[in-house]
Amino acid sequence: MKKELRLMKGNEAFAEAAIRVGVDGYFGYPITPQSEVMEYLTAEKPHERTGMVVLQAESEVAAINMLYGGASCGKKVMTSSSSPGVSLMQEGISYMAGAELPCVLLNVVRGGPGLGTIQPAQSDYFQSTKGGGHGDYRLIVIAPSSVQEMYDFVELGFKLAFKYRTPIMVQSDGAIGQMMEKVEIDEQQKRFSEAEIIKNYPWATTGKTPDRERNIITSLDLDPARHEKHNIELQKKYRKIEEKEIQYEKVQCDDAEYLFVAYGTSARLCLKSIQLCREKGIKVGLLRPITLWPFPKDIIYDMADQVKGILSVEMSAGQMVEDILLSVKGKVPVEHFGRMGGIIPSPIEIADMLEEKFIKG
Amino acid sequence: MADTITKADIIKPENLVYKKTDLLTDKVLSYCPGCGHGTAHRIIMETLDEMSLQSETIGIAPVGCSVLAYEFMNIDMQQAAHGRAPALATAVKRLMPEKTVFTYQGDGDLAAIGTAETIHACNRGENFTIFFINNGIYGMTGGQMAPTTLEGMKSSTSPYGRDLEMMGHPLKITELIAQLPGTYYVTRQAVHTPAAVRKAKKAVRKAIEMQKLNKGLTFVEIVSNCNSGWKMTPVQSNHWMVENMFPFYPMGDIKLEGELVKK
Ligand SMILES: Cc1ncc(C[n+]2csc(CCOP(=O)(O)OP(=O)(O)O)c2C)c(N)n1
Ligand code: SF4
């Protein structure tokens, strides 16, 4: 089947994918650099194309709670935002994790803290992979590094979200969201009918019929013993996700003596840095985590036997580097390089930094 | 010797004077004896039963004393974060427009932390029903001041009475949302006497019937007592409510068929 090709912004690709995979509802609040998602959706009239509901909420707090309501009905629901908005959503994300509700969230990360800047950053790694909201929960976090992946990860996201009944975060950044690339577009998928939802998701609140007990969606249990049991079950689920769902990409790792670990925009920059290093005879490879959580720790542990040093490249003060350090368990030196405040480093800077940290020193 | 009445006599069908609706579970209510929450639950569930709506209703429980409403209401339910019930209900109704959807919320939940969600759901004219239990206090957390606490009224965080200058004025959120074009039916009721209960139940039915018209949000406030929080007996609290709450929160319809009721 020949696929349709289009030139699109990352944010637009994400929105088109939402319509194509049969999302039931999008609820969001405008914020740069991701407002194109809702703008695209409202312009496309998805209520006419597929019956999809698109609603501009009064805040990110309301938007995430709309997701809670929709997901409780077994519907495919999603939102998108950028860092300050995602901070506001943390309450709802924790509730959805606790109530085991599937949804897809997009964070087109910009620089912080506070209102920060509208320029790209990767400084929300801690927030999305370590918690953000309260309680013992995890988000599956997948990081696209191309416009095509902005498109593809909507479907992947819903697959994982419903498989594990958990919210998933697509963690992008302002550069991937705003840049244009060619995208392969899939065929239109059908939205589920109510009968299909009742069959596929027997837990959904679709109205109590005489043939079943009532369905209750809640994150509350006032009995500590029962609530601990619920937490233990959640942790079992997270262990299973760690076992089964890790995804990463290796680039020029076979003969590598040094390794970049980077995702999103930084991973793209590192591709150029690898070329620059190799021109100088420095053999570098890239390991690109696609899932930021679960983190590809075993492969990084293994790579540590092969290389002399690992440089974590992230547009932050050094967040992912902590997970690399935990993975490597002291086998080789690990350093971080990143720019902050919305500055994208140049490939030359990154290549120089590798030399400076591991070779010249 | 006079005949003694046995249990078997009492439960004969001809002696039946009241039967709990099947839309309430057998779970013992967690509310303090004398509290209006239980009666409010009953009239809502009886109405849904009488209208045969169990299989198409989704209810949203708030955070407050009625956080466990889903334990008592025998329908599909979702438990919301504090104040967010109208956001949940918005999505439920938009994604399943043929269902009957309601939220059940206290005054802290609806008129403090959830003010934005409440006002915007009302203003968008979402086609669901809000049942709003206004007891002028935060019952669940031990009787702190609510946005609806009356002037001079004592609570655990206004121990010398609500001082308007320091703590602001009690909020008539129901009058406020009645002004919005998105609300279709807005009424204020109580459940402290059998006559009031009958009236309130009629209002509940009207709200649900009007929800079906898809003309906007329907809103039933129930001014209620919190005997524990007010530190009174149930009887005292009802007297106090009539004398103090009703003058500030007057009973009756505020908006009918999208038009403000002229007083
Ligand atoms: C975000 C958040 N803040 C605070 C609380 C604590 N809390 C629980 S119930 C409640 C007040 C509820 O009062 P109201 O809505 O008036 O209901 P009532 O208990 O009186 O029926 C508060 C503040 C909470 N659960 N969540
Ligand atoms: S604390 Fe007040 S509102 Fe809560 S159950 Fe008791 S009397 Fe009712």
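# Rings, charges and cysteines

User: Which ring does the charged end of Lys329(A) sit over?

Analyst: The ring of Tyr301(A), with that charged end 5.3 Å from the ring centre. To count, NZ of Lys or CZ of Arg must be within 6 Å of the ring centre and within 35 degrees of the ring normal. This is a predicted model, where local features need pLDDT of at least 70, side-chain atom pairs need 80 or more, and totals for chains, interfaces and linings use all residues. Residues are numbered from 1 along each chain as written, chains are lettered from A and ligands numbered from 1 in written order, and side-chain values use heavy atoms, without hydrogens or water.

User: And what does Lys76(A) do?

Analyst: Its charged end sits over the ring of Phe158(A), 6.0 Å from the centre. Phe158(A) also belongs to a cluster linked by ring pairs, along with Phe162(A), Phe192(A), Tyr201(A) and Trp203(A).

User: How many aromatic pairs are there over all chains?

Analyst: The whole structure has 12. Take Tyr125(A) and Tyr263(A): their ring centres are 6.1 Å apart and their planes meet at 35°, so the pair is tilted. (Rings of Phe, Tyr and Trp, using its six-membered ring, pair with centres within 6.5 Å; planes under 30 degrees apart are stacked, over 60 edge-to-face, the rest tilted.)

User: Are those two tyrosines buried or exposed?

Analyst: Tyr125(A) and Tyr263(A) are both buried (under 20% relative accessible area; exposed is over 50%, partly exposed in between, with a 1.4 Å probe and protein chains only).

User: New topic: how many disulfides over all chains?

Analyst: The count is 0, taking a disulfide as two cysteine sulfur atoms within 2.5 Å. Cys32(B) is partly exposed at 36% relative accessible area, and Cys65(B) is partly exposed at 30%.
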